[in-house]
Amino acid sequence: MSENLPAPDFDSQRYERPNQAWICGHAAEGSPCRSGPDNCGRCRATAECVPGLEKPAGESKGRWRCTRPGGACETGPLPDGSCCRPISKCSPVPTLRTRRGQLTRAVVTATVALLLICLGGSWRGNFINPGELSTPHSSAAFAKLHTGTNQSDSTCAACHKAGALGPNGLLSAAWRAKPGPFEVIQLAHTRPGEMTAIDEACQKCHPGHLLHQPNVVRDISCSFCHQEHRGAGPIAATTDAQCALCHGDGVSMAAAAATGASLQPKNGTTTDSRPAAGFTQVLHRFAEDHPEFRVHTDKRRDPDTLRFNHARHLTGEAMPMLPNGQKLECASCHQPNATGISFRRINFEQHCQVCHSLQFDPETPGLTLPHGDPSFVSAFLRSLPRQYADFAARSGLTTEADRKQFAQEKLQRLQARVASGEDFEERVFFSSATTGPEVQVGSVRGPSPALYPGCAYCHAVKSGAHGKAEITNPVLIERWLTHGEFNHARHVSVACTQCHAAATSKETADVILPGKSSCAACHSPQGGVVDSCTTCHTYHKKARPLR
Amino acid sequence: MSRFRRQFFIGIFLLALASGLAVMAHNRWNPALPNYAYFTGWVLLAAMILLALYNARKRLPFLPLGNSETWAQIHIYAGFFAVVLFLIHLNFRLPTGWFEGTLAWLYALVTGSGIAGLFLSRVLPRRLATRGGEVIYERIPALRHALRQEAEALTLGDQTKSPAIAEFYVRELSDFFAGPRFFWPHLLESRRPLNALAAKLENLRRFLNESERATLEKLARLVRQKDGLDYHHALQTTLKLWLFVHLPLTYSLMIFSLLHVVLVFAFSGGAR
């Protein structure tokens, strides 16, 4: 089917000019006029020639002569000097180039108009907003706090001064920016984390920039870590790279160590919760160069005076079953709090009493000593007749005589076991024995059960003024790692004993927290669990003393 | 190795090298330089201005600024490199705001239309050359008019005197000769419309006498010529139309980019 098309016949007088803006309307018919349209697209066709007036010497009128290119026409000019062959007018057609230019101009105009409308209208804030604000900074409360800071009633100007400016103001603000658009050297020399103008706005609501450690050597811009306009929800999480700006830099850490060494202990926080030089070890990743937890490096001991043996409670063969028939386990005492992050405080009534009854009379299981205040215990012991009588009443003896007789019988039996009331009170407070004197029953000889394993069985009891027993209050430390967060709820799939060496801990003083290696087994690239700084640490957290 | 092929391999090598270096520099400097985004932004703007200068160069042919072919090569490879710069400037993250989203879309459209134009300018001229003949785009309307006149003279003129051919022309071919036809089939290299017309001509042949058949042969030749003209029209129009997207959007992109610079510095102070 291939067939030669009409060959382009090149005419040096009438070749195509793609750069011209308009072409003759007759070109499509193959007969464009010679003059062609003007630059504005108007047809310039008049006639085939412009007759010339020939006026020989001596003649006054002269004669019109045809000047048509290619030869004079047959009829010649009209008497009035006009050409006899007028060319019909056409509607010039824009070339593709002209149409493209028209479209370009239209698009440019539309773009400028769109930008002017969007920048001048009430939706400017939304239009130039590079991304959704975090939830706290887009909340109704924030808007109420900063209402009217902007022409468009949005809250841009709460943080950005330029947010309240019009188009001219924006240009001016851009020109006056520090560093400015053309201050390339200053742009290059800016140190990471330098304070910027926007930090002033941050600190209007968040005063007190230094919430980190007292030995921080320079202020870090809020926006260095907290990048806004990254979407709804909490503000974008800080990355390890941002922490490594200081903690991965030896020079910064050395300066921080020097600053920390010169700090005076204040309110106990610097001596207790942080080392003298501060936390200045250069580190990059948790599993690699994060220091061991200080609770282990400092070989800290639990200061609690309450005697408790984790190993015996968990693995002791003689450990009785709980009333519900279950074996004692970690969760029997360590019960998660409402959030699940940590545990409810251990207390005697809920966690100990079920096994460690304060029964002092082996023959009267229902009557127990009060717990909590030694003076109450003393008062209880010194009013035993009354306590027995009340117990009798609670047990169903209704007459006074019965109750009195019940109390008398109990007292007589109790007195047979002790030397005196003082002796009994002393044994209640100070005895730590769980067995009594040896007895022989038939052919079997062995220790008898103690009348009562005294308060000193668990508590540190000392004799105070006038022989009064004084019991040291237990010190239950809720958190040991005060500079890191830990969420037990997220670790429920891991057995307690996998991290805490409770099964081998026999001393109260043992701090059975896991070491770094235990955490790094999972929280490392090898373990596959996130190991970023912010997994455990929060920058803006004051050091909490042990409690 | 031909000159074009050598140019192609050198260009690809330089593009890959520059892109690799840019990504390496990004990985090295992005975390360390606080004003990194400003630098990538300026470099990107410079690349965009270099790309836009190609159009200015075409408007100033009289200045000794190098030949247009060199500029075209620079425009192509710099355009691809600018895509890498653009992604680096975005930190390989999609923008979310209206303004920045529009800016990114404009960039994508300009780049996409440019790539489409490059593809068309590599494929369509080859197809035009294989079809035979050479037609100047601006003369296509005149040639079409001439073919139409010739066809009408052949079928409707006084000399023909063939009612069957005249009726056939009016019924089947008058619209075909009236203007450009079968744009998409030609673009998709389909000859189905021409074959359909040829089949109709062949059907008509059975009812004609010898002299009418000679006229029909001439008419069939004109139909094929008109189809070839339409083919050129379709492909050459496509070759020129992509610029109707690329150029206007480039101007729009430049306006948005300049405003972006103004906004970034006006709202600077914490911008990263």
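This is a predicted model: local features need pLDDT of at least 70, side-chain atom pairs count only at pLDDT 80 or more; totals for chains, interfaces and linings use all residues.
Chain B is built from helices. Its secondary structure amounts to 9 helices and 0 strands. Read from the N terminus, the order of elements is α-α-α-α-α-α-α-α-α. The radius of gyration of chain B is 27 Å, whereas the globule rule gives 19 Å for 272 residues, so the chain is more spread out than a compact globule. Along the principal axes, the C-alpha atoms of chain B occupy a box of roughly 90 × 45 × 35 Å. Of the 272 residues in chain B, 25% are buried. Contacts across the sequence were also counted. Among contacts in chain B with a separation of 6 or more, 80% join residues 24 or more positions apart.

Chain B has a two-domain assignment. Domain 1 covers 3-132 + 238-266, and domain 2 covers 137-236. The C-alpha centres of these two domains of chain B are 44 Å apart. Their contact involves 7 residues from domain 1 of chain B and 7 residues from domain 2 of chain B. On the domain 1 side, helix 4 (98-131) and helix 9 (210-266) of chain B each contribute at least two residues. Helix 4 of chain B gives the largest share of that side, with 4 residues. The class make-up of the domain 1 side is 3 nonpolar, 1 polar and 3 charged residues.

One helix pair of chain B was examined in detail. Two packed helices are described by the angle between their axes and the distance between the axes. Helix 5 (residues 140-156) and helix 6 (residues 163-178) of chain B pack at about 175 degrees, and their axes are 10 Å apart. Angles over 145 degrees count as roughly antiparallel. Helix 5 and helix 6 of chain B are therefore roughly antiparallel to each other. From helix 5 of chain B, the contact draws on B:Leu147, B:Arg148, B:Ala151, B:Thr155 and B:Leu156. Helix 6 of chain B supplies B:Ile165, B:Ala166, B:Tyr169, B:Leu173, B:Phe177 and B:Ala178. By class, this helix contact holds 9 nonpolar, 1 polar and 1 charged residues.

Chain A also divides into two domains. Domain 1 of chain A spans 15-48 + 81-120, and domain 2 of chain A spans 121-186. Taken over C-alpha atoms, the centres of the two domains of chain A are separated by 46 Å. The contact between them pairs 4 residues of domain 1 of chain A with 5 residues of domain 2 of chain A. On the domain 1 side of this contact in chain A, 3 residues are nonpolar, 1 is polar and none is charged.

The two chains meet at an interface. There, 48 residues of chain B are in contact with 52 residues of chain A. Helix 4, helix 5 and helix 9 of chain B each provide at least two residues of the chain B side. The largest share of that side, 19 residues, comes from helix 9 of chain B.

B:Tyr251 sits in helix 9 of chain B. The residue touches A:Thr104, A:Val107 and A:Val108. Around B:Tyr251 there are 17 other C-beta atoms within 10 Å, so the residue is partly exposed; a buried residue would need 20 or more. The C-alpha atoms of B:Tyr251 and B:Leu106 are 10.0 Å apart, with the two residues 145 residues apart along the chain.

Two loop residues of chain B stand out in their backbone angles. Most residues other than glycine have a negative phi. B:Phe92 is not a glycine, yet has a positive phi of about 55 degrees. B:Phe92 belongs to the loop between helix 3 (68-89) and helix 4 of chain B. B:Phe92 counts as exposed because it has 10 C-beta neighbours inside 10 Å. B:Glu189 likewise has a positive phi, near 60 degrees. B:Glu189 falls in the loop between helix 7 (183-187) and helix 8 (192-205) of chain B. With 10 C-beta neighbours inside 10 Å, B:Glu189 also counts as exposed; the cut-off for an exposed residue is 12 or fewer.

Technical notes. Residues are numbered from 1 along each chain as its sequence is written. Chains are lettered from A and ligands numbered from 1 in the order in which they are written. Domain bounds come from an automatic or database domain assignment. Two residues are in contact if their C-beta atoms, placed from the backbone, lie within 7 Å. Ala, Val, Leu, Ile, Met, Phe, Trp, Tyr, Cys and Pro count as nonpolar, Asp, Glu, Lys and Arg as charged, and the others, Gly among them, as polar. The radius of gyration is taken over C-alpha atoms; the globule rule is 2.2 Å times the number of residues to the power 0.38. Axes are lines fitted to C-alpha atoms, for helices over the stretch in contact, and angles run from 0 to 180 degrees between N-to-C directions. Angles under 35 degrees count as roughly parallel, over 145 as roughly antiparallel, 65 to 115 as roughly perpendicular and the rest as oblique. Lists of a residue's contacts leave out its neighbours within four places in sequence.
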